[in-house]
Amino acid sequence: MNIIRKATAALTAAAVLAVGSAMPAIAATTGDLNNDGVIDSFDLVLCRKNLITMFSGGQADMLGDIDGNGSIQINDLVLLQKYVLGSIKEFPQASTTTTTVTATTTTSSAPVTTTTTTTVSSGDSYMKKMATDIHLHEDSSVTEKKGGVDYGKIEKKTYYSKDAEREKNLNILLPPGYDGSQKYPVMYVFHGIFGSEDSMTDDSMKIQTMLGNLIASGEAEKMIIVFPQMFTTKDRSLFPAFSNESSRAYDAVREDLENSIMPFMEENYSIKAGRENTAVTGFSMGGREALYVGVTRPQLYGYVGGVCPAPGIFPTVDGNMTHEGCMLPSEFCFGSAPSPYVLMITCTRFDGTVGDAPESYHKALEQNGVEHIWHELTDGDHGSISVRAHMYNFLRYAFKA
């Protein structure tokens with residue numbers, strides 16, 4: 001509630017400056033909470049009261065649902081303030097498109113047809129286009145190495161981590177025909193808890209093979225993929241564990257990327273700069289961190305994903321520990337910052353390892369009106385099957401918006 005009060009107090013203070021310069025009401029009545037025919041700072045004050053009512057479980061006036069996602073959230077206050085102050089001329093038109101994807105998986109005995117539901121919120125967008133082309137699982141041929149196809153090469157490098165105050169390792173997958181005179185977009189892929197920079201390059205993940213085949217078929221851009229060792233701490237006595245201290249060391253990969261890994265890549269490799277050329281995704285704890293990094297640093301990452309993301313972005317309790325969390329569900333959004341071109345969560349419906357953590361992130365994004373793709377597998381596991389399904393879709397649409 002303190003966060004809400006601070007945010008809404010700032011919005012109300014800004015609204016006072018706009019009194020007497022209200023804009024004409026738009027055709028719809030959304031935003032005109034006092035029904036006086038104009039949308040002004042008085043409506044902003046009422047929207048603030050509606051937010052407090054909504055959070056306390058009361059009945060709110062849905063004219064304050066500015067983004068049309070079915071609830072009153074801080075994002076609605078931000079949009080209404082922008083309208084009153086004249087920085088936007090109309091409210092976004094929100095909708096929800098649900099695409100049911102039918103995929104045929106060939107096994108050693110017979111083809112099996114299964115379905116999954118992929119949901120993308122909001123109107124026409126690059127993500128909506130992507131959602132109509134989501135595959136339940138990767139095509140089987142894309143994970144097989146073929147004659148005449150260049151699969152690039154993996155280089156293991158050492159860099160100095162300013163945040164860990166020591167040398168750390170990372171693996172760098174260079175694309176086929178890497179040429180230092182050309183520039184390439186970069187994707188950062190995070191491993192799970194207790195993992196290392198080698199975990200996601202394991203052959204069961206098939207990332208190198210899939211990328212090579214997708215580039216050869218023209219379905220993916222040539223890109224560099226970086227596999228960091230996430231655990232970042234100056235405390236030499238701290239090791240990966242199910243604890244909040246350990247989680248904070250994994251969270252610190254955000255700073256390690258910005259302060260050390262990205263500068264190392266810029267200095268040693270020919271890369272394209274800008275969020276439109278930078279992606280981040282990961283598995284399990286790495287999925288949690290990729291979402292955390294992407295949501296809190298939207299100016300840096302234009303493509304964000306997570307596979308079976310672990311709990312802990314929000315305060316919560318699971319079978320292993322009580323998580324202190326990095327933010328509240330209401331803060332899991334972009335506000336006035338640019339949203340990613342792609343924000344995608346892949347999970348398997350029956351994941352006994354991370355439980356309902358992936359769905360909690362999906363629901364928070366829905367509540368906050370954040371456009372995203374929810375890719376739920378009806379089969380699969382907390383492992384390479386889910387990773388391959390995610391990476392196949394993510395690789396095909398990265399760096400093309």
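**Surface, helix packing and a loop leucine**

The protein chain exposes about 16,800 Å², and carbon and sulfur atoms supply 50% of that area (Shrake-Rupley method, 1.4 Å probe). This is a predicted model, where local features need pLDDT of at least 70, side-chain atom pairs count only at pLDDT 80 or more, and totals for chains, interfaces and linings use all residues. Residues are numbered from 1 along each chain as its sequence is written, and side-chain values use heavy atoms, with hydrogens and water left out.

Reader: What share of the protein chain counts as buried?
Author: Buried means under 20% relative accessible area, exposed over 50%, and partly exposed in between (1.4 Å probe, protein chains only). The chain has 401 residues. The share that counts as buried is 52%.

Reader: At what angle do the axes of α7 and α8 cross?
Author: Two packed helices are described by the angle between their axes and the distance between the axes. Axes are lines fitted to C-alpha atoms, for helices over the stretch in contact, with angles from 0 to 180 degrees between N-to-C directions. Helix α7 spans residues 253-268 and helix α8 residues 285-296; their axes come within 9 Å. They cross at roughly 60 degrees.

Reader: Which residues of α8 make the contact with α7?
Author: Contact means heavy atoms within 4.5 Å. From α7 come V253, R254 and L257. From α8 come E289, Y292, V293 and T296.

Reader: Is L328 buried or partly exposed?
Author: L328 sits in the loop between β12 (322-323) and β13 (342-348). Its relative accessibility is 32%, so L328 counts as partly exposed.

Definitions and conventions. Helices (H or I, at least four residues) and strands (E, at least two) are DSSP runs, numbered from the N terminus.
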